[in-house]
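Visitor: Please take one part of this model and go through it closely, giving the cut-off behind each term as you use it.

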Amino acid sequence: MNVTIKTLGLAAAVGLAAAPAMAQEKLKVGLLLTLSGPSAVLGQHARDGFQLAVKDLGGKLGGRDVEVVIVDDELKPDVAVTKVKGLLERDKVDFVVGPIFSNVAVATHKPIVDAKTFYISVNAGPSNLAGKSCNPYFFATSYQNDQNHEVLGKVAQDRGYKKVYLLAPNYQAGKDALAGFKRHYKGEIVEESYTPLNTLDFQSELAKIASMQPDAIFTFMPGGMGVNLVKQYRAAGLADRIPFLSAFTVDETNLPAQQDAAIGMLSGSNWAPNMNTPENKKFVAAFEAAYNNVPASYAMHSYDAALLIDAALKATGGKTDDKEALRAAIKKAEFKSLRGDFKFGANGFPVQDFYLVKAAKRPDGKLETEVVEKVFDDYTDAYAKECTATN
Amino acid sequence: MNATLLFVQALNGLQFGLILFLIAAGLTLVFGVMDFINLAHGVQYMVGAYLVAAFSAWTGSFGWALLLALPSALAFGLLLEVLVFRHLYDRDHLDQVLATFGVILFLNQGVKFVWGAAPLSVPVPELLSGSVEIASGLLYPVYRLAIIAAGLVVAALLYGLVNHTRVGMLVRAGASNASMVSALGVNIQRLFMIVFGFGAMLAGFAGAMVAPILSVEPGMGDNILILAFVVIVIGGIGSIRGAFLAALLIGLVDTVGRTFAPNLLRLFLDPAAASQTGRAIAPMLIYIFMAAVLFFRPSGLFPVKR
Amino acid sequence: MTELAETPSAPMPSLATRFEIVPIVLFAAFVAAPLFAMVSGAEGYVLSLLTRVMVFGIAAMALDLILGYGALVSFGHAAFLGLGGYAVGILASHGIEDLLVQIPVALAASAIFALITGAISLRTKGVYFIMITLAFGQMLYFLATSLAAYGGDDGMTLASRSLVAGSSILENDFTFYWVCLLCLLGAYAFSRSVVASRFGRVLRGTKENAIRMEAIGFQPFRYQLAAYVLSGMMAGLAGCLLANQAEFVSPAYMTWQRSGELIFMVVLGGLGSLHGAIIGAAAFLLLEEFLPEILHGLSFFLGEETRAHLAENWKMVFGPLLILIVLFVRGGIMGLLRRPHHG
């Protein structure tokens, strides 16, 4: 921990200003998630995961009673900024946990870290927050956005696919996804196809794929787009002939709608519900009992975020006023992550393992992703080296 | 780009256009005959899809689900008519826009309330689940051909209904001069209900037909509503013929533009710039097309005289 | 189909002066609000919320100028919000951070865009006008999402608020609040004088009967285009302020849903009174912010789980609320305020 004198002084000043110790007061955590609109299901997984963790910890984090304030960012960045100000100044939250989407993260990053409040992302990991604009108050229990895509790029390279067809929605995250795939894949890319955002019908792309006969396709199609693509890919008879590599397309939020069409399709992840640790088994069973669906990685990240806060507060004796001590405790991350190995890198993003996962049907008929093989071990994101902030 | 691919893309454009037509037909009639802007038309499409999803989970058969969903969509449309829309016919357009937007908010949240936020799935009916091989390695799902067939049949029926029956005649008369029809002693209230319920059922039918290939989710009607408005405006409000033609044009412009715009641009730009520009232009194509049509034909392609 | 919007016809001078009480109270509330913010203990939040209300008030008022007085329903007005925002964002990313440069650029960009699209759109009428303005709005939206250098659809964060003549006074939330209030007042006074002028009377005339106006020697097209350009510039100004308020710019500012919200604000507040648009913006934004909590509070007799469920599904209450307002309160909130006087 190389802490500069300047930040120490600042933190001390802040600590003094908030002097009267509030150890017995309720801890407040703001959940900033997308809970309306077509993408609401992602936010619901994250919300449910966090609340489950709080319940499992007896309604306390780090020994303090906890109040969770949930706000819906409506996936509008400017609305999110106002809601965040409400969380910070009206509700006076000690932590902000969220968001799902990168544009919300980018917009809300500044007000939160400016207020010297810890911001723990449970999904969004935009490149600039991992690199140039990294900040000592920003942590992620998820990943940097590119990493799941890099898994598939590595797999395509290792399996010796010569020609790959890339397909993504025409927006920033789509472009980043394909860039992430290309970081490790060095073969020929027969086509980089961008569809308009919220395209529901991929028939024209499927026709192209069938005529080009690539060795594999890689795609990033979150939400309803992914449901449609998978079903249409299967219906076009391509699923058995051309391997389907994807990220954020075949996951537990989409599988209930994709059903059997998705079975066997490959994806990249830092976790899967079938991972065989006692903590994870307990989590998956409890989540299914409480919410009647198989948890997706969003739920896992946010469950872990609660464990992280709990562990950090235990280390500081429940105190949040000494930011420097709290940060040190967060960085140590002394909790048992559901995914196994977990530690923070210098930029506040995890250094963790990544897996190739495959959609499969469990004996009870529900669908989930299951680990095929480990692809990266203790993997650091590509932007960490651009991070110069001293945390 | 070979001829087969062009053919397949034309089929895709046709199918997309026909779905658009099913939605736009009801919208243009309601608008033309009743002078009523119904933003809630898109959620009726969504409700059709949800109904089929619910019924097919219940009965286990797409055919039965479709049979049950159609009268339910009709009943639902009529319920909305009685509860809300009936009170808005004599209001100005902005009041109608505001109130029907309220209906959208309510129903988008309502389906989430009832069925949850996660997308639902409807299996493709067994009978139509195969594919036909159009060229070597190029499969085309039978179900999509079925959508095209169903769309064409409905279009033909609609054409016959509007042009060769008494109700159709009244509808046509209503579209060009509603007050005259009313003055001639026609029960305009009942005509409105028929038109409205029929439009709602068509939208519901479109939703039901696409449910097996698209994901059924809250808000699925919002973007298609905008496209349906684009269609009826290009076609000329109140004109079924115009809506049919405009829907097919939009379907083709969208599909063909997505596939071939970068290739066309490559003729006079270098490849990197072409794909960059192509990507930027592709989503705009529909709107550029609409602006161009309205520039030359400010009342659409087939303006209904009034 | 030309008369899309209808204001209470013939605003008699005596009536008009009686209603002046509404804008006076409204602006007095805006002046007094910072005091409330200071005692609330969450001043940054209260100020930020109210600043948003004022910014959207300017945009809604801009729309009211053409909608309420010219019956021109623009379904692409959010594009101007985006133009203003991106003028600030793009200039700032190239090191030009002074608002005194950014605002003129934003106004000029908005004026040019309004002039071109207005000249084309005004060839059409009624719903065709609605849809063609939507088309132009969508084109700009997709253009913004393709600007990879400026964050694409993720948008871009501003390093700080804009400077004013080289000084960073806007960093203070109170100062920024007053600047926005000044802009709102200025825009309101300007719009009032436009509406009261001969130009405004001709514009209203084109709304009521374009053919008659043409017959007595006016060219409606020119007046409508001029009003459209003025309105676009005003909305562009709101965009500059919005970018500074959120310290963030993104294509989300110009979605068609946002254009729709602007129309709803105007209709909700009441057409053709200018301050009605501000009230509509306030009502819309404050409901969006507080309805979940209001529902949570009102349902104290229910179980905690049901209450949370109700608060989450606030849109199921918001929707019917809109319908009821339309059905039972003619003329929006201003209609509600006016009614007792007619009694």
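Guide: Chain A is split into domain 1 (5–143 + 276–352) and domain 2 (147–269), with bounds that come from an automatic or database domain assignment. This is a predicted model, in which local features need pLDDT of at least 70 and side-chain atom pairs count only at pLDDT 80 or more, while totals for chains, interfaces and linings use all residues. Residues are numbered from 1 along each chain as its sequence is written, and chains are lettered from A and ligands numbered from 1 in the order in which they are written.

The C-alpha centres of domain 1 of chain A and domain 2 of chain A are 31 Å apart. Their contact (C-beta atoms, placed from the backbone, within 7 Å) draws 13 residues from domain 1 of chain A and 11 residues from domain 2 of chain A. On the domain 1 side, helix H2 (residues 40–56) of chain A gives the most, with 3 residues; helices here are DSSP runs (H or I, at least four residues), numbered from the N terminus. That side of domain 1 of chain A comprises 7 nonpolar, 6 polar and no charged residues, where Ala, Val, Leu, Ile, Met, Phe, Trp, Tyr, Cys and Pro count as nonpolar, Asp, Glu, Lys and Arg as charged, and the others, Gly among them, as polar.

Turning to the helix pair, the axes of helix H3 (residues 77–90) of chain A and helix H4 (residues 102–114) of chain A come within 9 Å and cross at roughly 35°; axes are lines fitted to C-alpha atoms, for helices over the stretch in contact, and angles run from 0 to 180 degrees between N-to-C directions. Residues of H3(A), including A:Val81, A:Val84 and A:Leu88, meet residues of H4(A), among them A:Val104, A:Ala107 and A:Ile112, and this contact divides into 9 nonpolar, 2 polar and 2 charged residues.

Key. Two residues are in contact if their C-beta atoms, placed from the backbone, lie within 7 Å. Helices (H or I, at least four residues) and strands (E, at least two) are DSSP runs, numbered from the N terminus.
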